[in-house]
Amino acid sequence: MAGIYVHIPFCRSRCAYCDFFSTTREREIPTYIKTLCREIEGRRDELPQAHIETIYIGGGTPSLLSSDQVRQLLDCIYANYEVEDEAEVTLEMNPDDPINAALERGINRVSLGIQTFDDSLLRLIRRRHDSAGAIRTVKSLKAADIANISIDLIYGLPGQTMEQWERDLNIALSLDIQHLSAYALSYEAGTALTRLRDSGQIAEVPEELFVQMYERLCQRAEEAGFEHYEISNFALPGFHSRHNSSYWTSKSYLGFGPGAHSYNGKRTRRVNKPDLDSYLDSPPVLEHLTPSDLYDEALMCGLRTSRGIDLNAIYHRFGQQRLDYLQRMAAPHLDAGRLIVKDGHLCLTRQALMVSDDVMSDLMADD
């Protein structure tokens, strides 16, 4: 089984926190769709005999596409790959856009980039929508029989209070959604938000407040019946993101479009050049992963999930010496209550989720 990611790099405006490859050259969308289809067709033999179980159209802002353009992309994928009948097909949306693209035949999951329901914070991070518009879009999607809706939120925004975060959670969990992704704000190099911070115009929220917001998120989601299946992701039973889960379980996937990543499920990762004009004419960057690279990835991806690291799988994939190393490095964290072993899996405890990067770093290969 494998997945497909399609990158739509177009945005009407650039959000203040975003460092993904994107462009505001919307007029070039029709030409880009043709270029994208050429790539999709040209790489159809890259994963021979693979059955596609997830398709994710992300960005950027895929909801800028027309229904015809979404159909053109999906038709191209289905014509060139073996797509499962029950494949999960996700379209990312901006709440300010018409829902037409999400209603195209084949789309069965929508991911809405809401980020916050506070209008002052939305203006600060340069989002195009407002709170009322985001709520209307969720209701419109539900009225159109989209039965699998995910929303994205960000916490730790500049000046954000616990009261504002509590309100965000109250609204989100009242909308009868099936999935919630919530991310701690990070200040990425070159973004407008980082420039504002560095010039002293805004300040990062205190680390203690970050922790309190995350703990409240986990508590409220659990009370609402959501399963905390990955550090930043919560879903009602049966609604885990199958596409994102494939990244954390080292399944193969193809990424199409500038800046998109691919992985053959073995030892090779491919990265397309992040350039709209020349990505197809430029050779991709190929990374051949060493056994230590693969071990580190298995470690990081496994610990991100509620299931944790399968210790038996580590033994069979990397050998007894690597398993002994993992158990030796994990021992202090087990003693401190940051890690537990449950049903043969090494897992982070709730108290360790906010320091997960430190724990993972300690367990990584030393060669």
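How closely do the axes of helix α5 and helix α7 come, and at what angle do they cross? In this predicted model, the axes of α5 (residues 162-174) and α7 (residues 207-223) come within 11 Å and cross at roughly 20°. Local features need pLDDT of at least 70 and side-chain atom pairs count only at pLDDT 80 or more, whereas totals for chains, interfaces and linings use all residues of the predicted model. Residues are numbered from 1 along each chain as its sequence is written, and side-chain values use heavy atoms, with hydrogens and water left out. Helices (H or I, at least four residues) and strands (E, at least two) are DSSP runs numbered from the N terminus.

**Helices α5 and α7**

- Axes are lines fitted to C-alpha atoms, for helices over the stretch in contact, and angles between N-to-C directions run from 0 to 180 degrees.
- α5 and α7 are therefore roughly parallel to each other (angles under 35 degrees).
- The crossing of α5 past α7 is right-handed (the near helix is turned clockwise from the far one by less than a right angle).
- From α5, residues M162, W165, E166, L169, N170 and L173 meet L209, Q212, M213, R216, L217, R220 and A221 of α7; contact means heavy atoms within 4.5 Å.
- The contact of α5 with α7 comprises eight nonpolar, two polar and three charged residues (Ala, Val, Leu, Ile, Met, Phe, Trp, Tyr, Cys and Pro count as nonpolar, Asp, Glu, Lys and Arg as charged, and the others, Gly among them, as polar).

- β4 pairs with β3 (residues 82-93) in the parallel sense over four bridges, and E92 stands opposite S111; two strands pair if DSSP finds at least two bridges between them.
- Five bridges join β4 to β5 (residues 149-155), also in parallel, with L112 opposite I151.

**The sheet of β13, β15 and β14**

- These three strands form an open sheet in the order β13-β15-β14, with antiparallel pairing.
- β13 (309-310) and β14 (339-342) are the edge strands, each pairing on one side only.
- Helix α11 (residues 320-335) packs on the sheet and touches β13, β14 and β15, and its direction makes about 115° with that of β14.
- β13 and β15 (residues 345-348) run antiparallel and are joined by two bridges; the bridge partner of D310 is H345 in β15.

Methods
Angles under 35 degrees count as roughly parallel, over 145 as roughly antiparallel, 65 to 115 as roughly perpendicular and the rest as oblique.
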